[in-house]
Amino acid sequence: MTGPIAERIISPRIRRLKVVPPQVKPPDPGPLHPVRSLHLNESPFPPAPSVVEAMQHAAARINRYPDHDGGELVRALSARTGVAAERIVIGAGSNELLYASADIVLDPGHEAIAPHPGFPTYEKAISMRGGTYVGVPVRDDGSVDIAATLAAVTPKTRLVFVASPHNPTGGMLAKAYIERLVYELPDDVLLHFDEAYYEFGRHAGGVETLPILERRRGPWIATRSFSKAYGLAGIRVGYGLTNARELADAYRKVRVNFSVNAVALAGARAALDAGSHMQALLDHTAAERRRLAAALEGIGFEALPSAANFLTVRTPKPAPALAAALREENIFVLPFPWPGTPGAIRITIGSSEDTDAVAAAMARLLKAL
Ligand SMILES: Cc1ncc(COP(=O)(O)O)c(C=O)c1O
């Protein structure tokens with residue numbers, strides 16, 4: 001909206017936000033150029049039949065409101081993580097909890113730190129709540145720069161977002177860096193440790209972060225997602241493990257009432273028991289990630305080390321032009337700037353056919369551009 005109405009009633013906090021562009025998805029034109037949706041880090045596979053069945057069962061009772069706190073799901077998560085149920089909070093995707101972190105600690109004048117480039121919700125949530133976003137460049141290998149993050153803390157800092165594995169690079173933090181962050185971040189700063197890609201990180205050999213986080217004296221939340229390794233992006237469920245009941249209560253206070261619907265709760269609960277389904281996805285993802293990296297490195301791309309369900313490559317030709325040319329072939333990827341290079345492209349790991357199609361298209365397009 002522009003003009004006098006926007007000027008009169010929309011808060012400058014909101015006017016300053018970028019408009020979210022509508023998702024471009026052409027109708028599937030058939031087997032010649034199938035749509036390859038490799039820009040949102042979704043699972044390429046449908047959920048396990050037991051999960052679909054649980055959701056169908058819940059759908060038949062949808063005249064009732066859901067359990068706002070997701071008690072059954074939370075108890076199951078508590079049993080799996082060892083974190084007391086009162087310290088666990090659910091959200092409509094882990095996204096809801098990223099916004100909630102900004103809600104519960106930021107007032108105008110406060111600063112919040114997040115890696116750059118990073119998941120766009122960090123900057124949006126900070127700005128929406130009137131805080132000042134402080135972006136800290138990631139390291140060359142794509143992992144979050146912990147030394148620079150700590151150096152960016154000022155007396156006005158109230159919140160630090162960190163992700164491991166990080167999006168859009170896939171970089172994972174080594175244990176020593178997590179420990180340094182946990183011990184050195186001041187106690188009056190909320191540490192939001194974003195683990196949307198947790199299961200992929202563990203599969204790639206990453207450390208279990210909870211025992212390290214538990215040693216922090218100050219407040220922390222680790223958020224995880226059912227959208228990625230559980231393959232349930234469409235139902236929107238995530239959860240947060242916090243250091244104290246009081247902190248979890250603050251999240252419960254600010255959450256939109258009933259934001260996680262009953263079908264989603266049933267699907268997430270069932271997905272926790274569909275372990276072999278997830279294991280197959282994790283194995284597939286690691287194998288295809290290796291295959292895609294080898295194929296693209298062989299033709300001049302530089303792959304960043306990734307522990308997530310995507311691969312990011314620095315490109316020898318302008319990344320936006322490459323991504324646009326791929327889009328013409330119905331292959332959707334995410335281009336973004338990378339200092340000192342023509343850019344980077346993040347490619348979600350899809351099916352084996354997706355890997356072959358991306359590698360072949362990239363080889364063709366590099367010569368043509
Ligand atoms: C780093 C990171 N954090 C959080 C999210 C949010 O995921 P969801 O809201 O689907 O749980 C994403 C999604 O892509 C992400 O990449």
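## The ligand and its polar partners

A polar side-chain atom of Ser227 sits 2.6 Å from an oxygen atom of the ligand. That falls inside the cut-off for a polar contact, a pair of N or O atoms within 3.5 Å (within protein, one must be able to donate a hydrogen and the other to accept it, and residues adjacent in sequence count only if both atoms are side-chain atoms). Tyr197 also reaches the ligand, with a side-chain N or O atom 2.7 Å from one of the ligand's oxygen atoms. For Lys228, the distance from a side-chain N or O atom to a ligand oxygen is 2.8 Å. Taken alone, the ligand exposes 390 Å², and the protein buries 94% of that (Shrake-Rupley areas with a 1.4 Å probe; for residues, only the protein chains shown count as cover).

Before going on, please keep in mind that this is a predicted model, where local features need pLDDT of at least 70, side-chain atom pairs count only at pLDDT 80 or more, and totals for chains, interfaces and linings use all residues. Residues are numbered from 1 along each chain as its sequence is written, and side-chain values use heavy atoms, with hydrogens and water left out.

## The shell around the ligand

There are 14 residues around the ligand, and Asn167, Asp194, Tyr197, Ser225 and Ser227 come nearest (a residue is near if one of its heavy atoms lies within 4 Å). By class, the shell holds five nonpolar, six polar and three charged residues. Here Ala, Val, Leu, Ile, Met, Phe, Trp, Tyr, Cys and Pro count as nonpolar, Asp, Glu, Lys and Arg as charged, and the others, Gly among them, as polar.

Which helix gives the most to this shell? Helix 5 (residues 93-105) does, with four residues. Helices (H or I, at least four residues) and strands (E, at least two) are DSSP runs, numbered from the N terminus.

## Strand 7 and the sheet

Ser225 also belongs to strand 7, where Ile221, Thr223 and Ser225 are buried on one side and Trp220, Ala222 and Arg224 on the other. Six of the six residues of this strand (residues 220-225) are buried, so strand 7 is largely enclosed by the rest of the structure. Buried means under 20% relative accessible area, exposed over 50%, and partly exposed in between (1.4 Å probe, protein chains only).

Strand 7 pairs with strand 6 (residues 190-194) in the parallel sense over four bridges, and Asp194 stands opposite Thr223. With strand 8 (residues 238-242) the pairing is antiparallel over five bridges, and here Ala222 faces Leu241. Pairing requires at least two DSSP bridges between the strands.

Seven strands make up an open sheet of mixed pairing, in the order 2-8-7-6-5-3-4. Strand 2 (88-91) and strand 4 (132-137) are at the edges with a single partner strand each, so one side of each has no neighbour in the sheet.

## Two buried loop residues

Thr209 lies in the loop between helix 9 (198-203) and helix 10 (210-213). Its relative accessibility is 3%, so Thr209 counts as buried. The Thr209 side chain makes a polar contact with the side chain of Glu195 (2.5 Å).

Asn41 is in the loop between strand 1 (36-37) and helix 3 (49-59), and at 1% relative accessibility Asn41 counts as buried too.
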